[in-house]
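Please look at the sequence and the model first, and then read the points grouped by topic.

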Amino acid sequence: MMRKSMLFLGFLLAFLALALPGTQGKTIPRCEMVKILRRNGFEGFVGKTVADWMCLIKYESSYDTKAYNNNGPSRDYGIFQINSKYWCNDGRTAGAKNACHISCSKLQDDNIEDDIQCAKKIAQEARGLTPWYGWKNHCQGRNLSSFVKGC
């Protein structure tokens, strides 16, 4: 009897995980991400290419919309790894500015429209991609054509 109950519980949990809409985030395939960036005007935005943005996303989040990184006093959220000290509100970061006027948890769902708006605001204010260490350390000044090849 216990075995049947556990089996039923397992099926129930699997069903609920599939039934809950957009809560778990997703990993966006490379060429799909290229299309999203092109569609949203990233080519030439702040003088950078879609390849720059793709490299940034690869090294910041591995294209994972639910990515999260703890930096000690602040945290980074979502596909662009947007920081809670300056750009979003996680309700936990002391002295947070929330310049994008968004809850950090919204940056971890599979709808990246709000992430895109905030990332563009960050890049515009910085006049480039220097706020992202993933881009500075792995992408800046390199040939990035492989990030968009075949897309």
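In this predicted model, cysteine 100 counts as buried, because its relative accessibility of 16% falls under the 20% cut-off for that class. Its partner in a disulfide is cysteine 118, and the two sulfur atoms lie 2.0 Å apart.

**Cysteine 100 and cysteine 118**

- Cysteine 118 is likewise buried, with a relative accessible area of 2%.
- The torsion about the S-S bond is 90°, and the link of cysteine 100 and cysteine 118 is right-handed.
- Cysteine 100 lies in the loop between strand E3 (82–83) and helix H4 (113–126), while cysteine 118 belongs to helix H4 itself, so the pair ties together parts that are 18 residues apart in sequence.

**Cysteine 55 and cysteine 139**

- A disulfide is also formed by cysteine 55 and cysteine 139, whose sulfur atoms are 1.9 Å apart.
- This pair links distant parts of the chain, given that cysteine 55 sits in helix H3 (residues 50–61) and cysteine 139 in the segment after H5, 84 residues apart.
- The disulfide of cysteine 55 and cysteine 139 is left-handed, because the torsion about its S-S bond is about -85°.
- Cysteine 55 is buried, with a relative accessible area of 0%, and for cysteine 139, also buried, the value is 0%.

**Cysteine 31 and cysteine 151**

- Cysteine 31 is joined to cysteine 151 by a disulfide with an S to S distance of 2.0 Å.
- Distant parts of the chain are linked here, with cysteine 31 in helix H2 (residues 30–39) and cysteine 151 in the segment after helix H5 (133–138), 120 residues apart.
- About the S-S bond of cysteine 31 and cysteine 151 the torsion is about -75°, and the disulfide is therefore left-handed.
- Cysteine 31 is partly exposed, at a relative accessible area of 24%, and cysteine 151 also counts as partly exposed, at 26% relative accessibility.

**Pattern along the chain**

- When the bonded cysteines are counted along the protein chain, the disulfides follow the pattern 1-8, 2-7, 3-5, 4-6.
- In general terms, a disulfide is a covalent bond between the sulfur atoms of two cysteines.

Notes
Residues numbered from 1 in each chain as written. Predicted model: local features only at pLDDT ≥ 70, side-chain atom pairs only at ≥ 80, totals over all residues. Heavy atoms only, no water. Disulfide = S-S within 2.5 Å. Helix = DSSP H or I, 4+ residues; strand = E, 2+ residues; numbered from the N terminus. Buried < 20%, exposed > 50% of the residue type's maximum accessible area, 1.4 Å probe, protein only.
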